[in-house]
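Here is a short briefing on one protein model. Please look at the structure first, then read the points below.

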Amino acid sequence: MGLLDNFEQRLDQLVNGGFAKAFRDVVEPVELASRIQREMDTRSAIVSKGRTVVPNVFSIELASSDLERLDIYDEQMRVELSEVVREYATEQRYTFLGPVEVSFAEDPTLETGIFHIRSLAERDNHPSTPPAAPIDPGPATGHPRLVVGSKSYPLTRSRIRVGRGTGADIQIDDPGISRAHADIVLGLPVVVRDLGSTNGTLLEGRKISEAPLYDGARIQFGSTVVTYRDA
């Protein structure tokens, strides 16, 4: 039995055939797995003898109708597709620069049954450091900030991880937030990037996989709404 056959069988066992009903005449899960494998092959890069690097971060952009059908299977799909990526990499002797991440995003310009995959070979540069120290909200500090309730967290590193786990730079006690939920990546522009969280990340009420931030932007992790400030 091939890798894609195994993938399809595992999905069927997870939801008792629900995938086949939900995706009839639209995007099929096995199509997503096959396209991800092709993306890995196409974007593979030989960096040294015996070492070929492939993307490890995948964002699957779907039509609104397909994303809506997928919603109740979102977590299982991300888990299974991530496993397909790892298994295929082992089979082809590919190497990753960082952990595998698969997420879904809406593209309202796409028609039902059409999808795009964006991929990136990204290093896991997240340092093992204590959470960023919160400060009381107040005047501009010279650094961008994330305001969570009555606390204001200065974004002083190139990448700040938000989550419920103890390894997060900004730890939020909310059962709807994943242990490693999202990253705030400083640059031009500053962006918020969902890390394949269970409940997703919303920007101004819209679910995103990655999006630029602006002063006053409201981001929702789980049931917690935070505000991004430029300084």
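Arg 218 is partly exposed, because its relative accessible area of 48% lies between the 20% and 50% limits. This is a predicted model.

**Around Arg 218**
- Arg 218 sits in strand S16, which covers residues 218-221.
- Beyond its neighbours within four places in sequence, Arg 218 is in contact with Leu 202, Leu 203 and Glu 204, and also with Val 225, Val 226 and Thr 227.
- Leu 202 is 16 residues away along the chain, and its C-alpha atom is separated from that of Arg 218 by 8.3 Å.

**Nonpolar cores**
- In soluble globular proteins, nonpolar side chains tend to be buried together.
- The largest nonpolar core here has 23 residues.
- Leu 32, Ile 36, Met 40, Ile 60, Leu 62, Leu 81 and Phe 104 touch the most other members of that core.
- Two or more residues each come from helices H3 (29-42), H4 (64-70) and H5 (74-92), and from strands S3 (57-62), S5 (101-106) and S6 (115-120).
- H5 gives the most to this core, with six residues.
- A second, separate core has 22 residues, including Val 148, Val 162, Ala 211 and Phe 221.

**Met 40 and the aromatic pair**
- Setting aside neighbours within four places in sequence, Met 40 is in contact with Val 54, Pro 55, Phe 58, Val 85, Tyr 88, Ala 89, Tyr 94 and Phe 96.
- Two of these contacts, Tyr 88 and Tyr 94, form an aromatic pair.
- A search of the whole structure finds one such pair.
- The pair is edge-to-face, at 6.2 Å centre to centre, with 70 degrees between the planes.
- Tyr 88 counts as buried because its relative accessibility is 8%, under the 20% limit.
- Tyr 94 has a relative accessible area of 17%, also under 20%, so Tyr 94 is buried.

**Largest pocket**
- The volume of the largest pocket is about 350 Å³.
- Its lining has 20 residues, and Ser 59, Glu 61, Arg 118, Ser 209 and Glu 210 lie nearest the centre.
- At least two lining residues each come from S3, S5, S6, strand S12 (191-194) and strand S14 (206-208).
- S5 supplies the largest share of the lining, four residues.
- By class, the lining holds ten charged, five polar and five nonpolar residues.

Conventions: Residues numbered from 1 in each chain as written. Predicted model: local features only at pLDDT ≥ 70, side-chain atom pairs only at ≥ 80, totals over all residues. Heavy atoms only, no water. Core = buried A, V, L, I, M, F, W, Y, C linked by side-chain atoms within 4.5 Å. Buried < 20%, exposed > 50% of the residue type's maximum accessible area, 1.4 Å probe, protein only. Contact = heavy atoms within 4.5 Å. Phe/Tyr/Trp six-rings, centres within 6.5 Å; stacked < 30°, edge-to-face > 60°. 1 Å grid on protein atoms, 1.4 Å probe; cavity = no way out; pocket = protein on both sides within 12 Å on 5 of 7 lines; lining within 4 Å. Points joined across faces, edges and corners; volume = space filled by probe spheres on them. Nonpolar A, V, L, I, M, F, W, Y, C, P; charged D, E, K, R; others polar.
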